[in-house]
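The exercises below are meant to be worked through with the model open beside the text. Each one states a task and then takes the solution step by step.

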Amino acid sequence: MSTARPLLKVNHVSKRFGGVHALENVGLSIQAGDVHGLIGPNGAGKTTFFNVITGLVPADRGHFELEGRAYKPTAVHQVARAGIARTFQNIRLFGDMSVLDNVRVGRHVRTQVGWWQALLRTSAFAREEAAIVRDAMALLDFVGLADQAHRTARTLSYGDQRRIEIARALATEPRLLALDEPAAGMNATEKVALRELIERIRAQGRTVLIIEHDVKLVMGLCDQVTVLDQGQLIAQGRPEQVQSDSRVIDAYLGSAHAAYEAPHEQPADDDDAEIEDDDEDEGARAPEGGRS
Amino acid sequence: MAGFLHDHAATPAAFTPIPVDIFIQQIINGLVLGSMYALVALGYTMVYGIINLINFAHGEVLMVGALVSWTVVTLLADSGLPGWVQLLISLIASVGVCMALNVAIERLAYRPLRNAPRLAPLITAMGVSLLLQTLAMIIWKPDYKPYPILLPDEPYEVMGATINLVQILIIVVTAVVLGALVFLINGTRLGRAMRATAENPRVAQLMGVQPDKVIAATFMIGAALAALAGVMWAANYGSVQHTMGFLPGLKAFTAAVFGGIGNLAGAVVGGVLLGLIESLGAGYIGDLTGGVLGSHYQDIFAFTVLILVLTLRPQGLLGERVADRA
Amino acid sequence: MKPAQKLPFFLLSAVALAVLPLVLQSHGHAWVRIIDIALLYVLLALGLNIVVGFAGLLDLGYIAFYAVGAYLFALLASPHLTENLPAVAAMFPDGLHMPIWVVIPLGAGLAALAGVLLGAPTLRLRGDYLAIVTLGFGEIIRVFLNNMDMPVNITNGPKGIDRIDALSIGGVSLGEPWTIAGFTLPPVTLHYYLFLGLVVLAVIASARLNDSRLGRAWRAVREDEIAAKAMGLNTRNLKLLAFGLGATFGGVAGVLFASFQGFVSPESFSLQESVMVVAMVVLGGLGHVRGVILGAFLLAALPEVLRHMAGPLQAMTDGRLDASILRQLLVALAMIGIMLARPRGLWPAPEGKA
């Protein structure tokens, strides 16, 4: 294992929801260029971990470092700005917008022409808009959806929507791409394509953190794996090490071992429920913008 | 309302110690107003708890209740029946009409939009509100109509303040009705079905509850309460008109949010508190602001409370109870 | 429409729009006046469209910005302040007569400020609550306008402010008929051209904002705020920007209204009006500029068209149905009916460009 400074270093992360210890003293370290898998049975806290490091849910405790610099994951948009982009377990696209527009929104955070320039249609505006279209199309091409650019996003197949989401996240030029169960609900063919896409993303030198239930996918893809069970870290290391770890086997066989064997049909950790749960305390706060 | 408030425009701006009788008077006014707010707030909160919709048209149900009651008592004016009987008959008529109206509205305007984008039912609700006001204006004509005095109106003295029979009845009847509602919600099958649907409609359905029926029942109960509040309002303030439901409706909604939307106890607490705040505020605002702001600003109290609550404690005083909509 | 067809279409429309009032005014000024009022509503609807249509924020108190613009102009271009506040009379011995090039930007700016202030408390509220709070703000403003005649008479309360100047452009007062090249243009027609010009600017501004980084960001916030945040969008600032920019249109419309009418009072800025403008935007086609213009025109012109039909109806129903009641009835039915039949509006944005 390289001793270079990790891209993401997180430790002592704890989060309680009421009486439930969603996360207890969890930590991990991801080297740049790695694909790091986060696995564990249902309810292990994987999505909560994602939500915590990206700022969607505040942690009770934790230390967070991105590229050696500490960050406080309090504002979601700032975390994205700093370089962590994510996809969601239940795909969250801008459904009524075109495929291209979805990815163009991803470019927002790395562009800066202001609205007054848009009003005046300055040449700086025109240049940047052209660049945005170019970059977005390049990304769509990368994920294989360039020909779908002008279709309404929600009319595409589930597998394609997932790829739009990934393209959109890549548009933000993330240091870390965090994928929450990208293979959920996919059939075998789609999974192969997804794996191939992630390999290509890795080949570009990107760092990926991936939650997955499909163990085959994870083991074949990941350089390092972290295993959670009931909010606690139970194993961490190379896939082969983790696979034969007795605690891991216990965790999976002890609970619903369908998660270990069968392809995962129904997303287990419901991140939307989590976000909504949190908002029960906040009442009138909008859990999600236009969606309901 | 004006008759019960002392005219603070006439009071010097220098701070005078608060006389107890004025204070008690405002408390009484506040409780009366708050009772009516509570009744209407319950309708808002029950509907919101069950289908996540702010029924903008709910205030108009109060108005319809008041106007129907007025029509009935006007028709019965020469019948020779004692005042309280007339009132009672008109109340039954109001409740009946309002219940039917509300169920019809739910069925025709809201139910088809259960799965529509968020904005659509809100617009429809506003349309229904406008429609009811306009129809009322057409049917009853735009003028303010005096509501006859049907109950003996001698004032009783309470610690230097006055209260009359109507006001006493308002407070008492509200308390009784609330008791009945508690029994309904906690002790009957319908009540259980309502609670279950409010908490988790899908699971409730699996248990054999028919959501459409429960929702219709919720609208009916809310309408009955609002109709009752409408009759009370008419009897207390002595006049009815097609615009009378709008502001009380808004304020009652504020009360529901104040107490915690979806929370029945919250609606009551919110309603009574809002009534008290408005009354005391209107009474003392002249003193508090050195004469700059007069009692005509009292309508703003409700909105100010609303904005403060939603900014500082959006779940309301007693906490929200909204269904899991995922 | 193919690009080749666009230019002739625009030219034809431009000519038609330019000639319209001249044609109508021969049938009576009333018709031109109707179009003028409709244009003001179009301006309001376009502004609200930015808030509701683009950014998805249901503002039920939008009329407050109209009021801000209107009262600003009323105060700066009428004898009210000089007659009621001796300090002001001393500063402006010739009276207050702000010129158009000062007061329109000022109205826009003040409205923008109001937009940001009123929008700020609503940022974390979900849709329904946001609607109610903005409604509350609208009402609060109206109550203040109605009551700020004591102790210092600022707004003249329910009596309103009258004797407001007409705007003048380049020395030509819009309040007097103007003769040019043998044509006599009455004030209604002069105002028409001014209003039309500003509406055209508003349309261009809306379209340009929509098709830009900001427009896409707003739509993202409208679609899914959490996903938008996760992509790095500062949704708080985006919402404030929507409130502010949307409000400017209202403020400008208010200035125009005050000058056109010569008189303002709190009655013109009721919740009913806010709801009307919301209806125009939603029924027209949320977020779609062309649909919004259609919605505004339909709902604004309706009462006037009805006025001609209302005569016989009024007689039939013993005076119960007059034009304004009919308008209310039809607006209410339209709101319910259109939402049930076409929840996305009469002329929604084409797919993929929502």
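**Exercise 1.** At what angle do helix 5 of chain B and helix 8 of chain B pack, and how far apart are their axes?

Before starting, note that this is a predicted model, in which local features need pLDDT of at least 70 and side-chain atom pairs count only at pLDDT 80 or more, while totals for chains, interfaces and linings use all residues. Residues are numbered from 1 along each chain as its sequence is written, and chains are lettered from A and ligands numbered from 1 in the order in which they are written.

Step 1. Locate helix 5 (residues 165–187) and helix 8 (residues 211–237) of chain B, helices being DSSP runs of H or I with at least four residues and strands runs of E with at least two, numbered from the N terminus.

Step 2. The angle is about 170 degrees and the axes lie 10 Å apart, where axes are lines fitted to C-alpha atoms, for helices over the stretch in contact, and angles run from 0 to 180 degrees between N-to-C directions. Helix 5 of chain B is therefore roughly antiparallel to helix 8 of chain B (angles under 35 degrees count as roughly parallel, over 145 as roughly antiparallel, 65 to 115 as roughly perpendicular and the rest as oblique).

Step 3. From helix 5 of chain B, Val166(B), Gln167(B), Ile170(B) and Val177(B) meet Leu228(B), Met232(B), Ala235(B) and Asn236(B) of helix 8 of chain B, contact requiring that C-beta atoms, placed from the backbone, lie within 7 Å. These residues comprise six nonpolar, two polar and no charged (Ala, Val, Leu, Ile, Met, Phe, Trp, Tyr, Cys and Pro count as nonpolar, Asp, Glu, Lys and Arg as charged, and the others, Gly among them, as polar).

**Exercise 2.** Determine the strand order of the six-stranded open sheet of chain A, and find which strands stand at its edges.

Step 1. The order is 6-7-8-3-9-10, with mixed pairing; two strands pair if DSSP finds at least two bridges between them.

Step 2. Strand 6 (84–86) and strand 10 (232–237) of chain A each have a single partner strand, so one side of each is left without a neighbour in the sheet.

Step 3. Inside this order, strand 7 (residues 176–180) and strand 8 (residues 207–211) of chain A are paired in the parallel sense over five bridges, and Leu179(A) faces Ile210(A) of strand 8 of chain A.

Step 4. Helix 7 (residues 188–203) of chain A lies across strand 3 (35–39), strand 7 and strand 8 of chain A, and runs at about 150 degrees to strand 8 of chain A.

**Exercise 3.** Which residues form the covered face of strand 4 of chain A, and which the uncovered one?

Step 1. In strand 4 (residues 61–66) of chain A, Gly62(A), Phe64(A) and Leu66(A) make up the covered face, whereas Arg61(A), His63(A) and Glu65(A) make up the uncovered one. In a regular strand the side chains alternate between the two faces of the sheet.

Step 2. Strand 4 of chain A pairs in the antiparallel sense with strand 1 (residues 8–17) of chain A over five bridges, and Lys9(A) has Glu65(A) as its bridge partner.

Step 3. Strand 4 of chain A also pairs with strand 5 (residues 69–70) of chain A, again in the antiparallel sense, over two bridges, with Leu66(A) opposite Arg69(A). Two residues lie between the strands of this hairpin, where Glu67(A) takes a positive phi near 55 degrees.

Note on methods. Contact = placed C-beta atoms within 7 Å. Buried ≥ 20, exposed ≤ 12 C-beta atoms within 10 Å, placed from the backbone.
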